[in-house]
Amino acid sequence: MGVLDDIVAGVLEDLAEREQRLPRADLERQLDRAPAPRDPMPAFRAPGIQVIAEVKRSSPSKGALAEISDPAQLAACYAAGGAAAISVLTERRRFGGSLDDLDAVRARVETPVLRKDFMVTEYQLVEARAHGADLALLIVASLDQPTLVRLHDLAVELGLTPLIEVHTTDEARRAADLGAALVGVNNRNLQTLEVDIAQFARLVEHLPAEAVKVAESGLRGPDDVARVASEGADVVLVGESLVTQADPTTAVAALRSSAP
């Protein structure tokens with residue numbers, strides 16, 4: 001079993017507990033109380049490189065990254081630096097996240113918020129919207145094509161903007177077949193956790209020409225951001241190199257100014 005398979009297995013165990021406590025019908029009744037979804041796409045399509053800044057306590061590859069006692073304050077710092085969206089890790093076992101983090105960030109910032117997790121069921125999408133998320137991550141490697149299509153369509157129906165993540169040419173083709181409007185290339189191999197920043201350049205030509213293109217993982221600072229921007233990235237998703245900064249506001253601003 002690879003790392004991705006192991007993570008998804010744990011996610012499903014935790015999900016079963018949440019579903020038992022709150023059945024889907026009861027969860028859906030909470031949707032009316034959720035704030036209206038914010039559309040991130042105009043900001044993502046704006047000139048220059050845009051930043052999705054991530055609230056991320058730990059990772060399977062590096063272990064603990066930052067304590068982040070106040071995720072809402074970190075998100076506010078990101079927003080002050082000009083982040084176009086805030087990504088909140090909600091996976092508990094490997095990333096130390098929670099839906100409480102999502103709630104805290106949503107209550108603090110007006111910036112669109114991405115629920116970043118290993119989304120493999122409809123319940124998780126309903127959960128994301130009920131907790132105020134505006135975007136949801138769908139990882140192609142963890143979904144067969146019929147499930148990917150079904151979850152993509154449900155996300156759109158709920159008002160979520162789906163970020164479709166790929167890391168192989170076959171997955172890029174599947175995203176194109178889906179008609180994905182927002183596609184992320186993960187430079188990390190999700191089974192081995194190895195990172196290759198050249199991955200984005202290899203896959204970008206296989207993505208839909210009209211899609212907003214996001215470079216994810218392994219971007220250590222402005223030079224890496226400038227590189228992927230020159231290769232066709234519209235947006236970068238950055239976590240580790242931001243949560244480890246003493247001044248995340250300035251760090252986000254530096255990433256945004258690294259490419260024209």
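Modeller: One cut-off before we start: buried means under 20% relative accessible area. Ser-217 comes out at 16% relative accessibility, so Ser-217 counts as buried. Keep in mind that this is a predicted model.

Biologist: Where does Ser-217 lie?

Modeller: Ser-217 is in the loop between strand E9 (212-216) and helix H10 (222-230).

Biologist: What is phi of Ser-217 near?

Modeller: Near 75°. That is a positive value, and Ser-217 is not a glycine. In general, most residues other than glycine have a negative phi.

Biologist: Is Leu-193 buried or exposed?

Modeller: Buried. Its relative accessible area is 18%, and the cut-off for buried is under 20%.

Biologist: OK, the core. How many residues are in the largest nonpolar core?

Modeller: It has 91 residues. Those with the most contacts inside it are Phe-44, Tyr-78, Ile-86, Leu-125, Val-166 and Val-236. Helix H1 (residues 3-21) gives the largest share of this core, six residues.

Biologist: What does Phe-44 touch?

Modeller: Leave out residues up to four places away in sequence. Then Phe-44 touches Gln-50, Ile-52, Ala-84, Ala-85, Leu-135, Leu-182, Val-212, Asp-234 and Val-235.

Biologist: Tyr-78 was on that core list. Which residues of H4 are buried?

Modeller: Pro-71, Ala-72, Leu-74, Ala-75, Ala-76, Cys-77 and Tyr-78. That is seven of the ten residues of helix H4 (residues 71-80), so H4 is largely enclosed by the rest of the structure.

Biologist: What covers the buried residues of H4?

Modeller: The cover includes two strands, E1 (50-55) and E4 (85-89). It also includes helix H5 (99-108), helix H11 (240-243) and helix H12 (248-256).

Biologist: What follows H4?

Modeller: Gly-82 does, with a positive phi near 100°.

Biologist: Switching to helix packing. At what angle do H1 and H6 cross?

Modeller: At roughly 65°, and their axes come within 11 Å. That makes H1 roughly perpendicular to H6. The crossing is left-handed.

Biologist: Which residues meet there?

Modeller: From H1, Val-11, Leu-15, Arg-18 and Glu-19. From H6, Tyr-123, Gln-124 and Glu-127.

Biologist: And how far apart are the axes of H7 and H8?

Modeller: 11 Å. Helix H7 (residues 145-158) and helix H8 (residues 169-178) pack at about 45°. That makes H7 oblique to H8. The crossing of H7 and H8 is right-handed.

Biologist: Which residues of H7 and H8 meet?

Modeller: Gln-145, Leu-148, Val-149 and His-152 in H7 meet Arg-174, Asp-177 and Leu-178 in H8.

Biologist: What is Arg-129 in contact with?

Modeller: Setting aside neighbours within four places in sequence, Leu-31, Ala-34, Pro-35, Ala-36 and Pro-37 are among them. Asp-134, Leu-158 and Leu-160 are in contact with Arg-129 too.

Biologist: Where is Ala-133 found?

Modeller: In the loop between helix H6 (122-130) and strand E6 (135-139). Ala-133 has 0% relative accessibility and counts as buried. Apart from neighbours within four places, Ala-133 is in contact with Leu-102, Val-113, Arg-115, Ala-128 and Leu-160.

Biologist: What polar contact does the Asp-117 side chain make with another side chain?

Modeller: One of 3.4 Å, with Arg-115. Separately, a polar atom of the Asp-117 side chain lies 3.3 Å from the backbone nitrogen of Glu-91.

Biologist: And what else does Asp-117 touch?

Modeller: Not counting residues up to four places away in sequence, Asp-117 touches Val-11, Thr-90, Glu-91, Leu-137 and Ile-139. Val-11 also takes part in the meeting of H1 and H6.

Definitions and conventions:
Residues are numbered from 1 along each chain as its sequence is written. This is a predicted model: local features need pLDDT of at least 70, side-chain atom pairs count only at pLDDT 80 or more; totals for chains, interfaces and linings use all residues. Side-chain values use heavy atoms; hydrogens and water are left out. A nonpolar core is a set of buried Ala, Val, Leu, Ile, Met, Phe, Trp, Tyr and Cys residues joined through side-chain atoms within 4.5 Å. Buried means under 20% relative accessible area, exposed over 50%, partly exposed in between (1.4 Å probe, protein chains only). Helices (H or I, at least four residues) and strands (E, at least two) are DSSP runs, numbered from the N terminus. Contact means heavy atoms within 4.5 Å. A polar contact is a pair of N or O atoms within 3.5 Å; within protein, one must be able to donate a hydrogen and the other to accept it, and residues adjacent in sequence count only if both atoms are side-chain atoms. Axes are lines fitted to C-alpha atoms, for helices over the stretch in contact, and angles run from 0 to 180 degrees between N-to-C directions. Angles under 35 degrees count as roughly parallel, over 145 as roughly antiparallel, 65 to 115 as roughly perpendicular and the rest as oblique. A crossing is left-handed if the near helix is turned anticlockwise from the far one by less than a right angle, and right-handed if clockwise.
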